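Keep the viewer open as you read.

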Amino acid sequence: MRQFADLVRQMVRQSDVAARWGGEEFLLLLPDTTLLQALTLAERLRAEVAATRFHHREQTLPVTISAGVCSISKSGSINELLKQADVQLYNAKESGRNRIAPRVRSQDAGPGPQTPA
């Protein structure tokens, strides 16, 4: 957990808030951030976690993350925002884990498969 927390601290801005939200769930609050910027950060964090060697008691552990990303601008309340994040998290997990949801299309993508931001 400490190694993950250190990694998150290195990737977020001073104005951002990172918090544990339960056993293995975490929240990142990113003020003054667009949904696309939040998705980009989430993807960078996902890739960095997957590439990092996490250690516990002289053992290397494979760690990946799935994340649900949403925007307060599309929510009427904090409860609605948390519900949207939770729905997106489960979408990421149901899509195979080690993913970010929602997935977004690149600007030049046509009707084919979606690519992450």
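Start with Asp6 and Arg9: both sit in helix α1, three residues apart, or about one turn of the helix. Helices here are DSSP runs of H or I with at least four residues, strands are runs of E with at least two, and both are numbered from the N terminus. Before going further, a word on what you're looking at: this is a predicted model, where local features need pLDDT of at least 70 and side-chain atom pairs count only at pLDDT 80 or more, while totals for chains, interfaces and linings use all residues. Residues are numbered from 1 along each chain as its sequence is written, and side-chain values use heavy atoms, with hydrogens and water left out.

Back to that first pair. Asp6 and Arg9 form a salt bridge, with the closest N and O atoms 2.7 Å apart. The term means a side-chain nitrogen of Lys or Arg within 4 Å of a carboxyl oxygen of Asp or Glu. Side chains of opposite charge can pair when their charged atoms come close. Asp6 is partly exposed at 38% relative accessible area, and Arg9 is exposed at 56%. For these labels, buried is under 20% relative accessible area, exposed is over 50% and partly exposed is in between, using a 1.4 Å probe and protein chains only.

How many salt bridges does a search of the whole structure find? It finds three. Another joins the side chains of Asp16 and Arg13, at 2.6 Å from N to O. Asp16 counts as buried, with 9% relative accessibility, whereas Arg13 is partly exposed at 39%. There is also a salt bridge between the side chains of Glu43 and Arg46, at 2.7 Å from N to O. These two lie in helix α2, three residues apart, about one turn of the helix, and both Glu43 and Arg46 are buried.

Leaving aside neighbours within four places in sequence, Arg13 is in contact (heavy atoms within 4.5 Å) with Leu30, Pro31, Asp32 and Thr33. Arg13 and Leu30 are 17 residues apart in sequence, yet their C-alpha atoms are 8.4 Å apart in space.

As for Val12, it touches Leu28 and Leu41, not counting residues up to four places away in sequence.

Next, the strands. β1 (residues 17-20) and β2 pair in the antiparallel sense over four bridges, where pairing takes at least two DSSP bridges between the strands. Arg20 has Phe26 as its bridge partner in β2. Five residues sit between the strands of this hairpin, in which Gly22 takes a positive phi near 150 degrees.

A search of the whole structure finds one aromatic pair. The rings of Phe4 and Phe26 have centres 4.9 Å apart and planes at 50 degrees, so the pair is tilted. By definition, rings of Phe, Tyr and Trp (its six-membered ring) pair if their centres lie within 6.5 Å; planes under 30 degrees apart count as stacked, over 60 as edge-to-face and the rest as tilted. The pair links distant parts of the chain, with Phe4 in helix α1 and Phe26 in strand β2 (residues 26-29), 22 residues apart. Phe4 is buried at 14% relative accessibility, whereas Phe26 is partly exposed at 37%.
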